[in-house]
Amino acid sequence: MATIRKRGNSYQIRVSCGSDIYGKAITESMTWKPDSNMTERQIQKELNKIAVQFEEKVKKGTFTKSNRKIKLHEFCNIYLEMQQKILSPTSYYYYQIIIKNYIVPALGHLKLVEITPLHLQKFIYALSEQNTNKTLSAATIKIYYAVVQSIFQFACKMGFLENNPSALKNLELPKIPPAHTDILDERNIAIMLDYLENENIMWKTLIHLALCTGCRRGELAALQWNDVLWEKKQIQISKSLYCIKGEKNIKAPKNNTSNRVIVIPDYMIAMLKKYKVWQMEQTLQTQMPNIHNMLFTDKKGDYLTPQYISIWFQNFLKRNGMSHIKFHALRHTSATILISNGTNIKTVSNRLGHSNLSTTNRYVHAMLEADIAAAETLEQKLNFEKGTIMGQIL
């Protein structure tokens with residue numbers, strides 16, 4: 001049972017926690033100072049309540065002196081050490097950067113237990129302001145704050161905190177404007193594929209495969225020849241390639257649903273066969289072996305990084321006078337082609353490796369928005385009552 005002792009204008013509450021291996025008594029204590037306007041009866045009532053709550057925390061192990069003294073920057077080290085066993089290498093790398101460059105400079109000096117929703121709201125506002133002459137977008141701020149939430153959720157789970165101050169019900173994040181999804185229409189697809197005929201067969205095959213499968217660039221970069229199931233006309237997606245600070249390696253795919261098998265059209269199988277012959281001829285000519293039996297390699301026969309795929313694609317668009325789009329737009333385009341031609345959304349979701357249908361639904365929404373825009377165009381051109389050109393002719 002908790003013992004209470006008055007010390008001047010405050011009260012010390014002590015709870016016994018047994019003894020250590022040497023028989024020395026272990027106690028936890030806290031100090032509470034009542035408001036000067038409280039009556040003696042109010043003080044006693046509140047003091048007893050606080051004493052009971054404090055004893056419960058101590059008995060549950062959610063209150064220790066070390067927990068209460070630990071600062072956020074110290075806890076972040078514990079958090080990262082634990083998360084390294086869970087996160088993918090790329091996610092862990094970016095978590096480190098966000099914590100080091102944003103979270104610790106703003107909040108690291110504070111004790112973990114003393115951080116309030118107000119501290120976190122000020123942190124969000126600070127992110128919204130210009131940082132090194134560059135304004136962070138609302139979407140980026142949301143990503144950074146997700147790391148903050150993960151830290152505090154872990155702190156609660158490990159017993160360092162009883163309440164989570166990072167809950168969004170207490171805070172306001174900048175509103176994210178509707179996302180624009182880059183999608184190539186049929187005309188621009190035809191133009192791009194026409195220009196692609198002048199490129200190296202490796203890049204031609206890679207772009208066609210991106211459009212046929214909707215794969216992420218890391219998934220394409222990680223493909224090995226034994227992932228091509230020739231007889232079944234399928235591509236097996238079971239891994240992703242990443243590059244961090246020049247270090248290239250293979251990791252598990254983004255999520256469980258990313259591990260999948262995709263059927264590809266006959267023309268793609270024929271192109272892959274032709275490309276494989278070309279790759280073998282190049283290996284003989286250059287004496288640069290395909291080190292990892294990869295579909296796509298750099299000039300030395302090593303991994304082709306996702307970053308280099310994006311660089312090549314941007315240069316390809318630029319030298320052919322095409323508008324700038326991200327390589328990821330090929331994934332969006334693949335999905336849109338399928339949906340607009342009657343493929344059910346569940347099948348499209350499975351091909352893309354989405355964990356839920358709501359992610360795939362955005363392609364339907366993008367098509368709906370385009371359809372609405374088309375209807376508005378017809379309204380402007382064909383509504384005679386508005387005195388359009390067609391109306392004037394009549």
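A salt bridge is a side-chain nitrogen of Lys or Arg within 4 Å of a carboxyl oxygen of Asp or Glu. Side chains of opposite charge can pair when their charged atoms come close. This is a predicted model, and seven salt bridges occur in the structure.

**View 1. R216 pairs with E219 in a salt bridge.** The N-to-O distance between these side chains is 2.7 Å. Are the two residues buried or exposed? R216 is buried. E219 is buried as well.

**View 2. R260 also forms a salt bridge with E219.** Here the closest N and O atoms lie 3.0 Å apart. Which elements hold the two partners? R260 sits in strand β10, residues 260–263. E219 belongs to helix α9, residues 217–221. R260 and E219 are both buried.

**View 3. R216, E219 and R260 make up a network of salt bridges.** E219 takes part in both of the pairs shown above: with R216 and with R260.

**View 4. D227 and K239 meet in a salt bridge between loops.** The N-to-O distance is 2.5 Å. D227 lies in the loop between α9 and β6 (228–229). K239 lies in the loop between β7 (234–237) and β8 (240–244). The pair links distant parts of the chain, 12 residues apart. Why do both residues count as buried? The cut-off for buried is under 20% relative accessible area. D227 has a relative accessibility of 3%, so D227 counts as buried. K239 has a relative accessible area of 12%, so K239 is buried too.

**View 5. Helix α5 packs against helix α6.** Helix α5 covers residues 117–128, and helix α6 covers residues 138–157. Their axes are 10 Å apart and meet at an angle of about 155 degrees. Angles over 145 degrees count as roughly antiparallel, so α5 is roughly antiparallel to α6. The crossing of the two helices is right-handed.

**View 6. Side by side, α5 and α6 each bring residues to the contact.** Which residues take part? From α5 come L120, F123, I124, L127 and S128. From α6 come I141, Y144, Y145, V148 and F152. How many of the contact residues are nonpolar, polar or charged? Nine are nonpolar and one is polar. None is charged.

Technical notes: Residues are numbered from 1 along each chain as its sequence is written. This is a predicted model: local features need pLDDT of at least 70, side-chain atom pairs count only at pLDDT 80 or more; totals for chains, interfaces and linings use all residues. Side-chain values use heavy atoms; hydrogens and water are left out. Buried means under 20% relative accessible area, exposed over 50%, partly exposed in between (1.4 Å probe, protein chains only). Helices (H or I, at least four residues) and strands (E, at least two) are DSSP runs, numbered from the N terminus. Axes are lines fitted to C-alpha atoms, for helices over the stretch in contact, and angles run from 0 to 180 degrees between N-to-C directions. Angles under 35 degrees count as roughly parallel, over 145 as roughly antiparallel, 65 to 115 as roughly perpendicular and the rest as oblique. A crossing is left-handed if the near helix is turned anticlockwise from the far one by less than a right angle, and right-handed if clockwise. Contact means heavy atoms within 4.5 Å. Ala, Val, Leu, Ile, Met, Phe, Trp, Tyr, Cys and Pro count as nonpolar, Asp, Glu, Lys and Arg as charged, and the others, Gly among them, as polar.
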